[in-house]
Amino acid sequence: MSATARKTAPNAQDIRAQKGGVPLVSLTAYTTPMARLMDGHCDFVLVGDSVGMVLHGLSSTLGVTMEMMILHGQAVARGLERAMLVIDMPFGSYEEGPAQAFRNAARLMAETGAGAVKLEGGVEMDETIRFLVKRGIPVMAHIGLTPQSINTLGGYKVQGRDDQAQAVLADAHAVADAGAFSVVLEKVPATLADRITAEVAIPTIGIGASAGCDGQILVVDDMLGFFTAFKPKFVKRYADLGPMAEAAIAEYAAEVRARSFPAAEHVFGDQAPAKGAKT
């Protein structure tokens, strides 16, 4: 079913049921206005921990807190009616074990209204995923390049080439078998992404993977050209709004300094306008 035809937001089982069908569409969002713009076009919207880099100027996602995710999750929830809300579990909120993961996942869902959480990791997270799912927490998995593990991965490198392919494949099967309803494949070779998509029973969501995945996700500020600190190879810029916004700001600054703004139509007179006239 097309996202634009839905009357209510889908749930995890609806997303899972789209395996092999029309590709799933997703973007990240961190604010209410952006969520409203994408609500009619996305199957699910992710409040990603990328918010730390995109909006808070952090050098990685590692400094993102539960409080940050809850705040932005609540903002995005206010802008959604038709798309499912998924929220990232931040670094340090689930790795200790299943009980810690449940406490924090339950809090994220209760305080934001999210329909699911996303966490990073494959084989090492299968017990945690299984624990959460059995207790009513739908889980979207995330394997391949896992940004919260950049210090052990050696940076933002492609994962799954050559002898690494079997490990990533094992991760995919582990999270699917544990009960995840979908899995994000980040920065893995296209042939491996296609193989995973063919072998697992849950939808694969590509970001730097393959057009053959069951869906795609991008960071919205990347694809709109707002975030310009760097541009990953897998990002297509559908607009270049950053330079446009800067040009508008520069024009505003010039007009203020020249006293051409505000003009007569932007200020108020001494007398109230006649009824029906513009104020």
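What is the volume of the largest pocket?

1. **Basis.** This is a predicted model, where local features need pLDDT of at least 70, side-chain atom pairs count only at pLDDT 80 or more, and totals for chains, interfaces and linings use all residues. Residues are numbered from 1 along each chain as its sequence is written, and side-chain values use heavy atoms, without hydrogens and water.

2. **The pocket.** The volume of the largest pocket is about 480 Å³. Its lining has 27 residues, and S50, P147, E186, I207 and V219 are the closest to the centre. (A pocket is an open set of points on a 1 Å grid over the protein atoms alone, where a 1.4 Å probe fits, with protein on both sides within 12 Å along at least five of seven lines; lining residues have an atom within 4 Å of a point.) Volume is the space filled by probe spheres set on the points.

3. **The lining.** At least two lining residues come from each of α3 (51–54), β4 (116–120), β6 (182–186) and β8 (215–218). Helices (H or I, at least four residues) and strands (E, at least two) are DSSP runs, numbered from the N terminus. By class, the lining has 15 nonpolar, five polar and seven charged residues. Here Ala, Val, Leu, Ile, Met, Phe, Trp, Tyr, Cys and Pro are nonpolar; Asp, Glu, Lys and Arg are charged; the others, Gly among them, are polar.

4. **α5 and α6.** Helix α5 (residues 98–112) and helix α6 (residues 126–134) have axes that come within 9 Å and cross at roughly 45°. Axes are lines fitted to C-alpha atoms over the stretch in contact, with angles from 0 to 180 degrees between N-to-C directions. P98, A99, A101, F102 and A105 of α5 meet E127, T128, F131 and L132 of α6 (contact means heavy atoms within 4.5 Å). Seven residues of this contact are nonpolar, one is polar and one is charged.

5. **α4 and α5.** Helix α4 (residues 66–77) and α5 also have axes within 9 Å, crossing at roughly 30°. From α4 come M66, E67, M69, I70, G73, Q74 and A77; from α5 come N104, R107, L108, E111 and T112. Five of the contact residues are nonpolar, four polar and three charged.

6. **Backbone points to check.** Most residues other than glycine have a negative phi, and most peptide bonds are trans. D162 is not a glycine, yet its phi is positive, about 55°. D162 lies in the loop between α7 (150–153) and α8 (165–178). The F261 to P262 peptide bond is cis, with omega near 5°. P262 is in the segment after α11 (241–257).
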